[in-house]
Amino acid sequence: MASAEGKLNISELDFTKIKDNLIGFLSNQAEFVGYNFKGSSFDVLMDVLAYNTHYNAYYANMVANEMFLDSATLRNSVVARAKHLGYIPRSARGSKATVNLTITPTGSPSLISVNKNTQFSGDVDGVSYIWCTANSHTINVNANGVYTATSVDLTQGIPVTFRYTANTGDVDQKFILPNANVDTDTLSVVIQTSDTDTESYTYTVANDITTVNALSKIYFLTENADGKYEVEFGDGVLGKNVSNGNIVIMSSLICDADDTNGCKAFSVVSDVGGYSNVKIETVSSAGGGQEPEDMEGIKFNAPKSFDAQNRCVTTHDYVTTVKRDYSGAQSVVAWGGEDDDPPVYGKVFVAIKPASGTVLSGSTKAWVQDTILAKRNVVGVTPEVKDPDYLYLKINATVKYDSGMTTNSSATLKSTVSTAIIDYGTTQLKDFDKSFRYSNLIKKIDESEISVKSNQTSIAIKRYFYPLLGSSSAYDLKFSNEIYHPSNTFWGAVTSGDFSYRDSANTLWTGCRMQDVNGVVQVYRTSGQDRIIVDNNVGSITYSSGKMELLSFKPIAIGSATTGNTTQMAVYVTPASNDVLPLREQIILIEEGDLNITMIDDAGTGTYVQGAVGSVDGTTLATGY
Amino acid sequence: MPTTYGKQYKDFDMDFGKHPAHGDLLFVTKTKAINRSINNIIKTQAGERLFQPDIDGGLNALLFAPFGALTENRISKAIAHALGKFEPRANIQKVTVKADEASNAYLINITFIPDNDVQETTLEVYLERA
């Protein structure tokens, strides 16, 4: 409000307060008397003055906001601020799939050429989408007379080409990709000399200005004020410039972003390499499709990209660079080799959780290592891409509910509790550095339905490994959390899935499992209620670090599998703490198959249920996983 | 509470005329300032004023109602209500409304006592349907 001394307060932004300030100021003037009545002419003038002031204040406020990356609210302002940091917002990305193609031609050609952008069709939720080969392939006939191309990468999107004739006399000429969902990963820029001279040159996107000279055939990619991507060429100093009459040919895929993730089956649109008899086997289903980067993403990533300065020095730089250049990464974590277990000096490890599936293919990991990281990291340091290390939680929950408070059946309630647990896993875990908090889980269970009164829940950590069947091998299993072991006489914190094993008399026993006895891992079988040792030492376990080392473990069969190392075996441990923390590349998951939920109607009876985890010895532990 | 008796209300003239002698903006004063204010209020529609959408003379909806005693009475009530709400300087005594069907108009007489005087004064307003 205006002061009594007649000073005008100018710090307000709100219309009413601005007007009150004006009236307060004028109340000390003798010139007009009547401005503070709604019908007076002066009041109308006050409205105009206050509105004008309010408008200008709002405008100034907005201008100031849009000047800074953190406070900007318009996309073109955010993009413009990010541009100052050298950051290009990620475009939409078409999802990617890998297939094997087996072609049966009419005749016996020596080879079959499959061109880039050969089209395939794939359905998602009843909608058909176009997919294109990301590269060209030459298929030779094999010894059996079969033409097979393996690991053919498909990218979702419709190929579109835009052509511009360069006019150097037009200083306002722009080379714009006019479609909204351009996948700039697939953008190819070619300059043809002229209409009559068809010699053409491929230009590449400029990522590192330090390597650019006057003859570099590079282009700069920016997002313009309309949200469209624009190609800019060099000025003759930083990059080769375009000449008058050059034909600029820009080709890219127009994709459907994340709508097409999950597509598993593909079919031929017309023909492949000139032949329509094509068998398509899906190696990896479609994933990695993404919407264009939103404003929050730009605000988050642009400063970090600027920090990295297009080189990889700190672990943060590795994360930012991989996220920027590999769109299929859902999340990334990096750590120095000195922090690994055991330490590996001179290396930086990067673990990538793919947007689709659980692990990257070997070729993708190699591409990230060699193409993205190797040329940006410090000399003498070798980057290595690893798969995420998945830890699973086995959850045993005994849930008491009051049937008088719900019309749902026990089975429905069990399903509701199960959904609550899975939702918790999906939203709170499933990523690097996401810890499992026990109290949060039991709260979710209690809140899953109004009739749930309490729950008694125990957890175990499960992880898989792939033993070589029929051979004695060593395996390291890192649970990375302290394992429950209150005394040297305690046993039973470790168990496993079933497998077949030979004892010292070479007798093959089925239904064997692992157990621990004071730091030693053993193989046992059951006879009635008794456990009979089959091998009294196949490795050791360090309870404090949660590390299990199997040294001479030789399972003969897992289920029906008797050879190879492609059959997984599950090993379970009971953690010392109910909170489970992932380490480095570890990710905690909860899967529906790992839930064991027992519903007990506790309507007014106060039913007592023994806790699922005992604390005296292993015999009362939740076993039999 | 300070008295307003004899207070010199002073407002500028909405016709924005200039004084013939010194060229300054013309003022309206005393009861005439209140009369102008009453005129402004009853001719204002809801939402017409910036950021003050509730200022409303209440006549807009009634001017297209059929001629008759009922409409006259409703106009009278609407004016008395609007002035009671937005013009504290006028102590409304009576509002008479008379239809002039031939001219598609209403003749309105508003009788009030200004708060800076003791004498009743009457303002005549002629509202025409355009």
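1. A salt bridge is taken here as a side-chain nitrogen of Lys or Arg within 4 Å of a carboxyl oxygen of Asp or Glu, and by that rule two salt bridges are found across the interface of chain B and chain A. The model is a predicted one. A salt bridge joins the side chains of D43(A) and R49(B), with an N to O distance of 2.3 Å.

2. As for the extent of the interface, chain B places 21 residues in contact with 19 residues of chain A. About 1800 Å² is buried between the two chains, and carbon and sulfur atoms give 62% of that area. Of the area that chain B buries against chain A, 30% is supplied by K10(B), R49(B) and F51(B), which is more than any other three residues supply.

3. The surface also carries a nonpolar patch, whose members, including Y55(A), F68(A), L50(B) and F51(B), together have about 1000 Å² of accessible area. Y55(A) belongs to helix α2 of chain A, which covers residues 41-66.

4. Which residues is L550(A) in contact with, once its neighbours within four places in sequence are left aside? They are F465(A), S473(A), A474(A), Y475(A), L477(A), M514(A), V521(A), V538(A) and G539(A).

Conventions:
Residues are numbered from 1 along each chain as its sequence is written. Chains are lettered from A and ligands numbered from 1 in the order in which they are written. This is a predicted model: local features need pLDDT of at least 70, side-chain atom pairs count only at pLDDT 80 or more; totals for chains, interfaces and linings use all residues. Side-chain values use heavy atoms; hydrogens and water are left out. Contact means heavy atoms within 4.5 Å. Patches are made of residues with over 30% relative accessible area and no salt bridge: like charges are joined within 9 Å, nonpolar side chains (Val, Leu, Ile, Met, Phe, Trp, Tyr) within 5 Å. Accessible areas come from the Shrake-Rupley method with a 1.4 Å probe; for residues, only the protein chains shown count as cover. Helices (H or I, at least four residues) and strands (E, at least two) are DSSP runs, numbered from the N terminus. Buried area is the accessible area (1.4 Å probe) that two parts lose on being put together, summed over both.
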